[in-house]
Amino acid sequence: MQGPAIHVENLGLVLGSSQILSNLNFSIAAGALHCFVGPNGGGKTSTARCLLGQMPHTGTIRFEGSPERTIGYVPQLIEMERTLPLTIDNFMTLISQDKPAFMSTKKAAKVLIDAALAQVDLTAKRKYMIGSLSGGERQRLLFAQALIPAPSLLVLDEPMTSLDESGARLFEALIKDLNAKGTTVLWINHDLDQVQRLAHSITVIDKVVIAHGPTNTTLTPAMQRGVFTKIKNEAA
Amino acid sequence: MSTFYTWMRETIIALSEAGTLPSILYYEFVINALFCAIIIGPLLGCVGTMIVAKRMAFFSQAVGNAALTGVAIGVLIGESYTAPYVSMFSFCIVFGIVLNYTKSRTRMSSDALIGVFLSISLAIGASLVLFVSARVNTHILESVMFGSILTVNDLDMNVLLVVTVITVIVGLPLYNRMLLASLNASLAQVRGIQVQAIEYVFIALVTIITVACVKIIGAVLVEALLLIPAAAARNLSRGLGSFVYNTMIIATLSCFGGILIPMQWDIPVPSGGAIVLVAAAFFLVTTLVRNLVPGFKEAKI
């Protein structure tokens, strides 16, 4: 499934009295693996949330391509109700079918759930309560839910922050695989080495677009010394 | 439905007279109350799990208090003081919608906001009740607050049935969406769920269920029956299915116990209080089981 191209024109966002984003202009090619980079508080997540239709922004966002667009979204590690007796299977069922998840899982949904859990290596823990999962396991679960239905656009908001090395390798392989099948990937990422290795294009955001273009020409040493020094300092 | 109710009562009473069923079922009001229990138990049990997931126990308490105000308004405008449903439903639905609207437009925590509304509704209710107390037998108001199986009639059963049908038709198809929206709103939004609209639907359902249960459980105690069976079931459950079904079973048994135990042993307590006390006993037992029985210790989260 070929993912959409995205065209952003004059995107602006004001929350309360704060200008979060100002006059953003950029385009992402269909089927690209595109990274948003920039310092914390620079508006990367807000930009992604505008693209997902979750923020009351100004300007226009156009999606170009197949009208049957499915969006997979992997948020930053989120807190979920930890005391609820909800297993991984229950959670996956409730996002996979309309029939109440407490009744039973339909066969068609079970096939999708089995495949998604296998992809993030969570099959063995499917009966575990969500509240008992580690941060990395919860990240895997969030990734698994984004795979149902198969996304034409995958939006990732720092999905690897809680992962161990094997988890990070698994996610990287998954993202590359989805992208190779045509999924447009939009990835908020602080790991510049990973960005350099994987991203076709990047947008550097710090309330405005600092730079935008193919990774090899945009992520230059000069750029890294400038804006990215700030990121590295924050990471340190 | 009245024909069905009459047939049901006559049949059960005949069986009771013949010794096939226990003698306690010789009384029409007991049959009415048990009929309500069969409906209320699963209904509150199912909705209670969602109340727990959404951390909205306090909300149903506020709606219960608003029902008291609804009764007072009903008396003031000349509705039947034994069943002022138009006023109760109208006031409580407006109350719930205004509360939810305010919640979505303020940064105040949900608990604090519901607390404010709960206090306001209680204050209005208390003031109006004092105002109308000269016009009605104050025991009527007591039965609204704490429940009274003696006053349950065909109209109350009809109201309960209609509310149950609405809940099943509207609530079940939206169950997954409601749960996902309560777990994570932004994830739900990306999946095309209208989180705000779903929230209003849920508020409306909880409101009408609370009002429909006021007569038998009482305005003050409906919240307890929404919460305690779910809390008790949570002690023993290892998944969503067992959580929901255990909650429904515990809520239903609590209703039966709360209705039958005081009658069997002539204990002078209102039905609502007795039902909640039985539910509380379930909670204590399940808490002990969870902490003492090795197999259930693993169910800890």
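**View 1. A:Thr87 and its surroundings.** The side chains of A:Thr87 and A:Asn90 make a polar contact at 3.0 Å; a polar contact is a pair of N or O atoms within 3.5 Å, where within protein one must be able to donate a hydrogen and the other to accept it, and residues adjacent in sequence count only if both atoms are side-chain atoms. This is a predicted model, in which local features need pLDDT of at least 70 and side-chain atom pairs count only at pLDDT 80 or more, while totals for chains, interfaces and linings use all residues. Residues are numbered from 1 along each chain as its sequence is written, chains are lettered from A and ligands numbered from 1 in the order in which they are written, and side-chain values use heavy atoms, with hydrogens and water left out.

A:Thr87 sits in the loop between β5 (71–74) and α2 (88–96) of chain A; helices (H or I, at least four residues) and strands (E, at least two) are DSSP runs, numbered from the N terminus. With 5% relative accessibility, A:Thr87 counts as buried (under 20% relative accessible area, with exposed over 50% and partly exposed in between, using a 1.4 Å probe and protein chains only). Leaving aside neighbours within four places in sequence, A:Thr87 has contacts (heavy atoms within 4.5 Å) that include A:Tyr128, B:Arg238 and B:Gly239.

**View 2. Where chain B meets chain A.** Chain B brings 29 residues to the contact and chain A brings 36. What links the two chains here? The rule finds one salt bridge across the interface, joining the side chains of B:Arg177 and A:Asp98 (3.4 Å, N to O); a salt bridge is a side-chain nitrogen of Lys or Arg within 4 Å of a carboxyl oxygen of Asp or Glu. There are also nine residue pairs in polar contact, both at pLDDT 80 or more. On chain B, α2 (28–53), α7 (154–183), α8 (185–190) and α11 (240–264) each supply at least two residues of the side that touches chain A. Of these, α7(B) gives the most, with eight residues.

**View 3. Helix α10 of chain B, tucked inside.** Twelve of the 15 residues of α10(B) (residues 222–236) are buried, so this helix is largely enclosed by the rest of the structure. Among the buried ones are B:Val222, B:Glu223, B:Leu226 and B:Asn235. The buried residues of α10(B) pack against α2, α3 (57–76), α9 (195–217), α11 and α12 (271–292) of chain B.
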